[in-house]
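This briefing covers a nonpolar core and a set of annotated positions. Please consult the sequence and structure shown below while reading.

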Amino acid sequence: ALISLRQMLDHAAEQSYGIPAFNVNNLEQMRAIMLAADKTNSPVIVQASAGARKYAGAPFLRHLILAAVEEFPHIPVVMHQDHGTSLGVCQRSIQLGFSSVMMDGSLGEDGKTPMDYDYNMNVTRKVVEIAHACGVSVEGELGCLGSLETGTAGEEDGIGAEGILTKEQMLTDPEEAAQFVRDTQVDALAIACGTSHGAYKFSRPPTGDILAIDRIKAIHQRIPDTHLVMHGSSSVPQDWLAIINEFGGKIPETYGVPVEQIQQGIKYGVRKINIDTDLRLASTGAIRRYLAHHPAEFDPRKYFQASVEAMMEVCINRYEAFGSAGNA
Ligand code: G3H
Ligand code: 13P
Ligand code: ZN
């Protein structure tokens, strides 16, 4: 059944587990996410980005998710809109039947001016007012996502934070987080704690605390009833990188967030963990390998099946590692 993010994360908080939120763009991802959830008995958060809406179209995405709910009626599903950039975008998703929306005002009205608290607070507050009247949950974002190692915002944020922000500014401030939650009444808050979007998070193998775990702890202490969200949480599996490169790909050396670091975050209040890149890598690796091994094959169902199986394996791993398995 379709449920709200608040409902799903309240249970996760009571039982101290985290839930991966997978981006969905096509049928294969949707099936992989649901088959893995079915196998592990995990609740599901699927999210659609602006890029996904451009690729598949909002009605197709909506019906993909509704089809998943129909085929797996025993699994609770949150249909979430990822990174909404305006009130209008969020309103449209609410109208389409999304049970949760993210209003990301963290980069200002023009999408490239971080730290404009008033803009972020005002637009997010308006989204909450409308969404809550419709029974829809809201995720906000405070802080500027960025890798503490490279000092950059990552590839998908659209701003080069390098040189603009100090490392301290790249971490969400606990006092400001408390103020933001009081001002907006968001259900969940995406925080900056050292993660960044995309495949190029860290250039060296991460050792020790690559995330600001103490900061997560401090934020959670100030806003214990607001569920923390970790964006940019792909682990960038080295085995899939190797397979991609073995079969004709050219991806440079790069590292993601180790699953153990995410588990630390979950211990201190992180409940929603956003993952897109890992499914992209698994899918690409599986298709490259399949086609290399079966050069005469031209039935797309064959290589898409390989893609589904590869993504499913990643999903099962995350459902189990984050503790959502067994909680559907
Ligand atoms: O937050 C970004 C997600 O990875 C979605 O990326 O806009 O390319 O679909 P996208
Ligand atoms: P990754 O790029 O690490 O998969 O993060 C995805 C994300 O945060 C979507 O909102
Ligand atoms: Zn994100």
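Which residues touch the most other members of the largest nonpolar core? In this predicted model, they are I33, V101 and L189, within a core of 93 residues. Helix α12, spanning residues 300–322, gives the most to this core, contributing 10 residues. In soluble globular proteins, nonpolar side chains tend to be buried together.

**Annotated binding site**

- An unreviewed UniProt entry lists H83, H197 and H231 under "binding site".
- These positions are spread over 149 residues of sequence, yet they cluster in space, with a largest C-alpha distance of 11.9 Å.

**H197**

- H197 lies in the loop between β6 (188–191) and α8 (213–222).
- H197 counts as buried because 23 other C-beta atoms lie within 10 Å, the cut-off being 20 or more.

**H231**

- The loop between β7 (227–230) and α9 (238–246) holds H231.
- H231 is also classed as buried, because it has 28 C-beta neighbours inside 10 Å.
- When residues up to four places away in sequence are not counted, H231 touches L145, A190, T195, H197 and N274.
- One of these contacts, H197, is itself listed with H231 in the UniProt annotation.

Key:
Residues numbered from 1 in each chain as written. Chains lettered and ligands numbered in written order. Predicted model: local features only at pLDDT ≥ 70, side-chain atom pairs only at ≥ 80, totals over all residues. UniProt positions renumbered as here; feature names shortened; annotations may be inferred. Helix = DSSP H or I, 4+ residues; strand = E, 2+ residues; numbered from the N terminus. Buried ≥ 20, exposed ≤ 12 C-beta atoms within 10 Å, placed from the backbone. Contact = placed C-beta atoms within 7 Å. Core = buried A, V, L, I, M, F, W, Y, C linked by C-beta atoms within 7 Å.
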